[in-house]
Amino acid sequence: MNTRHLNTVWVVLMLATLATLGIGEFGARFGLAGPLAMAALLVICFVKGRLVVLDFMGLRGVKFFWRGLLLGWLLLVSALIAIAYWVALK
């Protein structure tokens, strides 16, 4: 993995962190609240987790089993959070 790629991924992670901060702090003021904000936050968190797993943990070039195991776990946790939120809305 080259340093330039990791630096680019790091910048994307920092921008995604700022986006989640913005949604959390200022989302209600600009009409981004409720289920839309929740969906945006979950997508951003999933993308961040995927970047960490593939690039910073170095699993991009390994066998599918290990990538699939960690990405599946990340997908499962995200789905459980979304289901819990959806159930709480009812």
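Helix packing and two residues

Mentor: The buried residues of helix H1 pack against helix H2 (35-56). This is a predicted model, in which local features need pLDDT of at least 70 and side-chain atom pairs count only at pLDDT 80 or more, while totals for chains, interfaces and linings use all residues. Residues are numbered from 1 along each chain as its sequence is written, and side-chain values use heavy atoms, leaving out hydrogens and water.

Trainee: Which residues of H1 are buried?

Mentor: They are Val9, Leu13, Ala16, Thr20 and Ile23. Buried means under 20% relative accessible area, exposed over 50%, and partly exposed in between (1.4 Å probe, protein chains only).

Trainee: What makes Ser78 buried or exposed?

Mentor: Its relative accessibility is 14%, which is under 20%, and therefore Ser78 counts as buried. Ser78 belongs to helix H3, residues 64-89.

Trainee: Which residues is Ser78 in contact with, leaving aside neighbours within four places in sequence?

Mentor: Ser78 is in contact with Leu42 and Phe46, where contact means heavy atoms within 4.5 Å.

Trainee: How do you know that the side chain of Ser78 reaches the backbone oxygen of Leu74?

Mentor: The separation there is 3.0 Å.

Conventions:
Helix = DSSP H or I, 4+ residues; strand = E, 2+ residues; numbered from the N terminus. Polar contact = N/O pair within 3.5 Å; in protein donor to acceptor, adjacent residues only side chain to side chain.
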